[in-house]
Amino acid sequence: MIDFIVSVLTLTIPAGTALLLGTLGEVYAERSGVLNLGVEGMMIMGAVTGFAVTFATKNVVLGILAASLAGILMSLIHAYFSITLRVNQVVSGLALTMLGLGISGLLGKQFIGMPLPVRLQPVHVPVLSDLPILGEFFRFNILVYISILLVPLLSFFLYKTNWGIVLRSVGENPAAADAMGVNVFLVRYLAVMFGGLMAGLAGAFLSVAYAPAWIEGMTAGAGWIVIALTIFSLYDPTRAMLGAYLFGGVRVLQFRLQPLGIPANLLNMLPFLVTILVLVLISEQAFRRRIGVPAALMQPYSREEK
Amino acid sequence: MSVKVRIERRLEVSRTTQIGSILLSLLLSFVVIAVIFSFLGVNPLNAYRRILIGGFGSLYGLSESVAKSIPLLLAGAGLALSFKARVYNIGAEGQILLGAIVGGGIGLAWPDLPRGLLLPLMFLGGFLGGALWALIPALLKTRFRVDEVLTSLMLVYIASDLVRYLVYGPWRGAEQRGFPYSSPFSLSAQLPHLGTTRIHYPTLIVALLLTLAIYILLYYTKLGYEIRVVGENPAAGRYAGMSVERVILFVLVLSGGLAGLAGVGEVAGIHARLGPPEGISPGYGFTAIIVAWLARLNPLLTVLTAFFMGGLLVGGDAIQTALNLPSATIFIFNGVILFFIIAAEYLTNYRVKVEVVK
């Protein structure tokens with residue numbers, strides 16, 4: 001029994017890591033008031049870039065860095081359209097996803113079926129990885145540890161630092177933040193770029209560590225689960241981790257539960273169903289304020305039309 | 001002396017400016033896509049030529065473009081209506097699938113009914129399926145003020161999994177040997193085609209009539225007037241005694257129903273069975289967003305934009321086989337065109353004013 005639980009958990013954490021990385025970024029972007037439905041597109045561009053650069057340079061670190069950069073570049077398109085041009089964020093995000101799926105397909109064609117010469121190796125934490133049973137949890141690759149470390153760091157930044165207050169105030173009441181001397185546009189740009197960086201990392205995790213391979217459309221809707229998880233987590237890094245592992249766990253478990261008569265496809269719906277429920281639960285105004293749902297989400301900011 | 005650049009909102013946008021902006025945004029899209037193609041090692045002129053020939057250059061290509069424009073028109077005209085009320089139903093893809101499930105389910109359940117009865121029943125069921133699927137975000141929006149963008153989007157993925165569950169599970173045909181397909185539809189559950197083409201003309205006629213009806217509704221009826229006022233300024237609409245909730249429910253349910261009809265058309269007119277969701281609709285519900293936006297939300301123009309996007313899809317298939325490009329290539333067109341449409345909307349609604357201050 002313990003072996004079963006440990007084996008499910010050790011599969012769950014890597015299965016949830018791409019979701020976690022992506023969600024942490026989207027939480028920050030949405031906290032600044034910008035919804036980015038382009039996560040799927042940024043993630044897949046990260047995946048193909050990470051694979052391509054790792055393939056060409058035989059250097060995983062370069063691949064991961066390039067993937068982050070690709071994510072940032074993609075996010076800048078959305079930032080320009082939604083923050084500078086103030087066009088509809090929903091449409092711009094959808095366009096970004098389409099663009100990412102298209103370009104990655106074309107870019108990755110040459111890599112289909114190619115083995116990666118090097119891949120991100122697991123890091124054996126000294127001493128801890130030798131523990132019986134628990135040792136399994138200390139043999140993940142570096143991106144898994146980074147994603148876990150980022151959770152307390154990003155929570156601290158968000159709630160306990162001045163920068164965090166600035167970020168939240170921009171998503172809450174941009175006009176007031178502007179009056180206090182905050183550069184609303186700059187903060188939103190940075191938050192959206194951080195979202196892009198994290199989505200790029202998530203994509204690289206998939207293509208150079210988790211798979212590791214390039215498969216067209218390999219994110220397979222993970223970007224949309226990130227959008228769902230961002231709401232599910234109520235825009236909070238710690239709950240993002242819980243949610244990411246929960247939904248990662250669902251993906252691991254679906255094949256093991258099938259013999260018990262629980263169809264995998266119905267389990268797959270779960271993240272999206274739960275998200276709709278959460279949306280209903282947080283619809284009450286007083287509750288929204290208490291948990292800090294960014295009040296200015298999806299509202300472009302203009303200094304002239306207040 | 002300094003130069004001051006100001007951006008101000010335009011009050012009136014003329015029809016010529018609108019059409020000009022559509023054409024200009026398409027032209028600029030093709031320039032940018034050509035640049036992207038060149039970077040990725042694809043000769044853009046060659047690709048464009050293949051797309052043009054593939055989608056519009058032969059009777060066969062044209063007929064395929066028309067066939068693909070049918071679901072795009074049904075879903076796109078409904079979305080134009082919905083977006084006009086500033087109700088952002090982006091879940092047409094899910095509503096198409098529900099239409100396919102309910103309409104296809106009726107076809108599978110009563111295969112022996114006469115065609116003249118079964119096909120109308122399937123369309124009716126498909127309309128209701130799509131409409132009910134859209135009623136969920138509509139009620140959540142009117143009752144709980146939950147944003148329809150996220151709920152309608154989540155419902156797309158729930159609908160996909162529902163289709164997958166059905167065709168891998170209870171609805172899998174006995175003779176399909178493990179493949180995720182239902183049994184084939186009986187002849188009376190299949191739509192007739194125009195000659196040897198894949199144009200299932202009953203759906204096309206329904207689509208054209210409904211598009212015209214939506215145009216008349218939007219511009220010549222009281223309800224249409226309310227939809228436009230609520231879209232421009234909900235507060236003003238409420239002040240004038242209009243029911244914003246009723247408008248939201250109406251546009252979502254109608255656009256969902258139209259998408260549902262598109263789903264029936266695909267399963268009864270093209271596939272003649274139910275299969276995996278990406279087979280029933282390879283993203284028609286999302287492409288329909290472009291159809292609506294490219295038409296600047298004018299229902300009559302969606303006839304043209306649906307045909308254009310349908311042709312682009314067929315052309316995309318052509319470059320896939322002729323130039324050995326992945327099927328996702330066509331998404332580059334979708335993404336870039338969508339970006340340029342919203343940028344053009346910005347440029348036509350605002351203008352840049354340069355003042356010289358002494």
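Two residues are in contact if their C-beta atoms, placed from the backbone, lie within 7 Å. The model described here is predicted.

## Interface between chains A and B

The contact takes 37 residues from chain A and 38 residues from chain B. On the side of chain A that touches chain B, at least two residues each are supplied by helix H4 (89-108), helix H9 (222-232), helix H11 (264-268) and helix H12 (270-281). H4(A) gives the most to this side, with 14 residues.

By residue type, the side of chain A that touches chain B divides into 25 nonpolar, 10 polar and 2 charged residues.

## Chain B as a whole

Chain B has 14 helices and 2 strands. Its radius of gyration is 22 Å, close to the 21 Å that the globule rule gives for 358 residues, so chain B is as compact as a globular protein of that length. The C-alpha trace of chain B spans about 85 × 55 × 30 Å along its principal axes.

Of the 358 residues of chain B, 53% count as buried. Among contacts in chain B with a separation of 6 or more, 79% are between residues 24 or more positions apart.

Val66(B) belongs to helix H3 (residues 59-84) of chain B. Val66(B) counts as buried because it has 21 C-beta neighbours inside 10 Å, the cut-off for burial being 20 or more. Leaving aside neighbours within four places in sequence, Val66(B) is in contact with Ile199(B), Phe307(B) and Gly310(B). Met309(B) is 243 residues away from Val66(B) along the chain, and the C-alpha atoms of the two are separated by 9.9 Å.

Gly126(B) lies in helix H5 (residues 115-144) of chain B. With 34 C-beta neighbours inside 10 Å, Gly126(B) also counts as buried. Not counting residues up to four places away in sequence, Gly126(B) touches Gly99(B), Val102(B), Gly103(B), Gly260(B), Leu261(B), Gly263(B) and Val264(B). The C-alpha atoms of Gly126(B) and Arg143(B), 17 residues apart along the chain, are separated by 25 Å.

## The largest nonpolar core

The largest nonpolar core has 215 residues, of which Ala75(B) and Leu338(B) touch the most other members. Helix H8 (residues 184-210) of chain A provides the largest share of this core, 17 residues.

Which residues does Ala75(B) contact, leaving aside its neighbours within four places in sequence? They are Ala92(B), Ile96(B), Leu258(B), Ala259(B), Ala262(B), Tyr284(B), Gly285(B) and Ala288(B).

## Packing of H1(A) and H8(A)

Two packed helices are described by the angle between their axes and the distance between the axes. For helix H1 (residues 2-31) of chain A and H8(A), the axes come within 7 Å and cross at roughly 170°. Angles over 145 degrees count as roughly antiparallel, and H1(A) and H8(A) are therefore roughly antiparallel to each other.

On H1(A), the residues making the contact include Pro14(A), Thr17(A), Ala18(A), Leu21(A), Gly22(A) and Arg31(A). On H8(A), they include Ala191(A), Val192(A), Phe194(A), Phe205(A), Leu206(A) and Tyr210(A). The residues of the contact of H1(A) with H8(A) divide into 17 nonpolar, 4 polar and 2 charged.

How values were computed
Residues numbered from 1 in each chain as written. Chains lettered and ligands numbered in written order. Predicted model: local features only at pLDDT ≥ 70, side-chain atom pairs only at ≥ 80, totals over all residues. Helix = DSSP H or I, 4+ residues; strand = E, 2+ residues; numbered from the N terminus. Rg over C-alpha atoms; globule rule 2.2 N^0.38 Å. Buried ≥ 20, exposed ≤ 12 C-beta atoms within 10 Å, placed from the backbone. Nonpolar A, V, L, I, M, F, W, Y, C, P; charged D, E, K, R; others polar. Core = buried A, V, L, I, M, F, W, Y, C linked by C-beta atoms within 7 Å. Axes fitted to C-alpha atoms, helices over the stretch in contact; angles between N-to-C directions. Parallel < 35°, antiparallel > 145°, perpendicular 65-115°, else oblique.
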